[in-house]
Amino acid sequence: MRVMRKGIACLSALLFCSQLAIAQDARWQEIEQHAKGQTVWFNAWGGDSAVNNYLDWVRDEVKRNYAINLRIVHIADAADTVKRIQTEAKAGRTSGGSVDLLWVNGENFRTLKEDGLLRTGWAEQLPNWQYVDTQKPVREDFSVPVEGAESPWGSAQLTFIARRTQTPQPPQTPQALLDYARQHPGTITYPRPPDFTGTALLEQFLINLTPHPEALKRPPHEKTFAQVTAPLWRYLDALHPLLWREGRDFPPSPARMDSMLANGTLRLSLTFNPLHAQQKVATHVLPDDSYSFGFQDGMLGNVHFVTIPANSRASAAAQVVANFLLSPEAQRRKADPAIWGDPSVLDPKKLPAAQRDELSAREPTDLPPVLAEPHAAWVNALEQEWLRRYGTH
């Protein structure tokens, strides 16, 4: 009888799972049907030609396969889009919003989520979620729980770029970087915050230098902010006079740093993509001897996401686009250094053999350890203090 009861229980469980899968499949087919003919306004960072070309390919694919009209809005800073979404909400525009899909970072995600301006609970319902590497931080963003409000589509890690002929042995600690700057004054710099990569470097230095790393897991506190960040400002006070233009001016973007590295003005560039140098060499943007490196104790890393505003006019089509971005085909193409070189968020072991091998071959190797990002609230706090100290130079 005990064996029979176990058998009945197993059969019931199998039937339940089968019925659930059928229901989920039917639901997704309904979403795809509803998405046909919809126009998705996708606000995405437009600061790199490789990214823009990849998104043009995505636009063509979703048009051909799903009859979705994808309109890419190239933005310089997602914070501007966040303000627009907030303005629409204050005006009572609860539907028919101007943004359907947004490439978002942790700080802006936190702002929108806390204001209740995002659709929630949809991301893990996407069919291609089954392939996601859930060992990556895909369920939190800058320490903020995602709760199905955004879908991962790429991995990233802060990475330096140098040239072998100039820098055969890269500086692999903050102190070594400072010494390098002393040896080669005027040839290194970083993007001016609030550029995302420039702010990420501030976080990197803070992680390396603060004696209170546990404080970075929580929002900064007014009473302890100065104590936690004091080593960072001492370091930058020493570094800035050695920078390009003696730290009185900063490049606006990593792309500008790439061109300055290529023409010999700088000895180092900076990116949030460990395959960026390889991709830029392949497309002849950077010299052939360009290579990536990081600090030996680790570099800041994260997963980047897309999210759907609550007032999206095309939420069904936005979900279909997000699902396509997670497809093995789209992820393999994105990971190709000759196209973009953005590392995948999929777990190769979850893919069929042929797809698994192809994706694994495009995964970056020999990366430094990944350091978790501070809580999202640190971004604005660090940017404001940086601007107060150095922004008027």
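How many aromatic pairs does a search of the whole structure find?

1. The search finds 20 aromatic pairs, where rings of Phe, Tyr and Trp (its six-membered ring) pair if their centres lie within 6.5 Å, with planes under 30 degrees apart counted as stacked, over 60 as edge-to-face and the rest as tilted. The pair of W103 and W340 is edge-to-face, because the ring centres are 5.9 Å apart and the planes stand at 65°. Since W103 belongs to strand β3 (residues 101-104) and W340 to the loop between α11 (328-335) and α12 (353-361), this pair ties together parts that are 237 residues apart in sequence; helices (H or I, at least four residues) and strands (E, at least two) are DSSP runs, numbered from the N terminus.

2. This is a predicted model, in which local features need pLDDT of at least 70 and side-chain atom pairs count only at pLDDT 80 or more, while totals for chains, interfaces and linings use all residues. Residues are numbered from 1 along each chain as its sequence is written, and side-chain values use heavy atoms, with hydrogens and water left out.

3. Both W103 and W340 are buried, meaning under 20% relative accessible area (1.4 Å probe, protein chains only). W103 and W340 also belong to one aromatic cluster, which includes F42, W45, Y54, W57, W153 and F324.

4. K334 lies over the face of W340, at 5.7 Å from the ring centre, and R164 lies over the face of Y291, at 3.6 Å from the ring centre; the criterion is NZ of Lys or CZ of Arg within 6 Å of the ring centre and within 35 degrees of the ring normal.

Key. Buried < 20%, exposed > 50% of the residue type's maximum accessible area, 1.4 Å probe, protein only.
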